[in-house]
Amino acid sequence: MAARGRALLLLLLLALLLAAGGAGARWSGPGSSPRLRSVVLGRCADFLALLRPELRDKNCTAIWEAFSMVLEKDPCSVLPSDYDLFMNLSRHAIPRDKSLFWENNHLLVTSYAENARRLMPVSDVLYGRTADLLSWCRQEKASELDYQSCPTSEDCENNAVDSFWKRASMQYAKDSSGVIHVMLNGSEPSGAYPVKGFFADFEVPYFQKDKITRIEIWVMHEIGGPKLESCGEGSVKVLEERLKGMGFQSSCVNDYLPVKLLKCVDHSTHPDCALNS
């Protein structure tokens, strides 16, 4: 009986340890992306070799080293300014009339931009390309990366990923010129233009009045989805009035046809995609 009791006790302890491990995620976000260094270096090298060979003098190793400096900091103590050196090493000119800002449209934006062939959203600029869709943070009380979870804005404001995109958004807005394009999702239940978000808080305030000629807003709706907001309505109207108050000329189009045709590639038989003869 004593041996059986010890075995049951060991099994119970093992079950408790496994349960603790399964519930041990410290933060609400995904953990650091595997092989982070290799991914960042590889994306940088591909960008310089295949997309922008005129920038080949940039040093991907130095860019990574500047980026990785934040991995030495507590995961909730990373500021946008901690990426200043990384940004200075990786930033480059954005062609005039090529900037594309967005909210709640990531896949559609990248598909339409087509590696900056049409337009150049922040994910097609070197500093954005290196980090797009990645996650990273240091363990809270250790020097290694945390592969289990990383903090989001739900956990703390100064987390590594949000601070990165705040800094990238500010730089991207400052460097944009000519005609500015903005793609919003008019089928988003929370509103096409989030009044608290990266575009509203870290891009619009950094638009350079002397560099921008006008701003074009495209309100796209999901094929077969609800048309919750359109130009001149709801949060879109809030954005239009904000830009006007800042002294910018703006225009708005519902379901900008070239983008809608791209959406219809996957919904060719849907009535929303019928072409008028």
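Modeller: Cys76 and Cys156 are joined by a disulfide with an S to S distance of 2.0 Å, where a disulfide is taken as a pair of cysteine sulfur atoms within 2.5 Å. The torsion about this S-S bond is -80°, which makes the link of Cys76 and Cys156 left-handed. Cys76 lies in the loop between helix 3 and helix 4, and Cys156 in the loop between strand 3 (149–150) and helix 7 (160–175), so the bond ties together parts that are 80 residues apart in sequence. Helices (H or I, at least four residues) and strands (E, at least two) are DSSP runs, numbered from the N terminus. Cys156 counts as buried, at 12% relative accessibility; buried means under 20% relative accessible area, exposed over 50%, and partly exposed in between, with a 1.4 Å probe and protein chains only.

The model is a predicted one, in which local features need pLDDT of at least 70 and side-chain atom pairs count only at pLDDT 80 or more, while totals for chains, interfaces and linings use all residues. Residues are numbered from 1 along each chain as its sequence is written, and side-chain values use heavy atoms, with hydrogens and water left out.

A search of the whole structure finds five disulfides, and with bonded cysteines counted along the chain they follow the pattern 1-2, 3-6, 4-5, 7-8, 9-10.

Turning to the rings, the search of the whole structure finds 18 aromatic pairs. Rings of Phe, Tyr and Trp (its six-membered ring) pair if their centres lie within 6.5 Å, and planes under 30 degrees apart count as stacked, over 60 as edge-to-face and the rest as tilted. Among these pairs, Phe67 and Tyr83 are tilted, at 6.2 Å centre to centre and 50° between the planes. Phe67 belongs to helix 3 (residues 60–68) and Tyr83 to the loop between helix 3 and helix 4 (84–90), so the pair ties together parts that are 16 residues apart in sequence. Phe67 is buried, with a relative accessible area of 1%, and Tyr83 is buried at 0% relative accessibility. The rings of Tyr193 and Phe199, by comparison, have their centres 6.0 Å apart and their planes at 85°, so that pair is edge-to-face; Tyr193 is buried at 3% relative accessibility and Phe199 at 1%.

Charges over rings complete the account. Such a contact requires NZ of Lys or CZ of Arg within 6 Å of the ring centre and within 35 degrees of the ring normal. Arg26 lies over the face of Trp27, 4.0 Å from the ring centre, and the charged end of Lys209 sits over the ring of Phe248, 5.9 Å from its centre.
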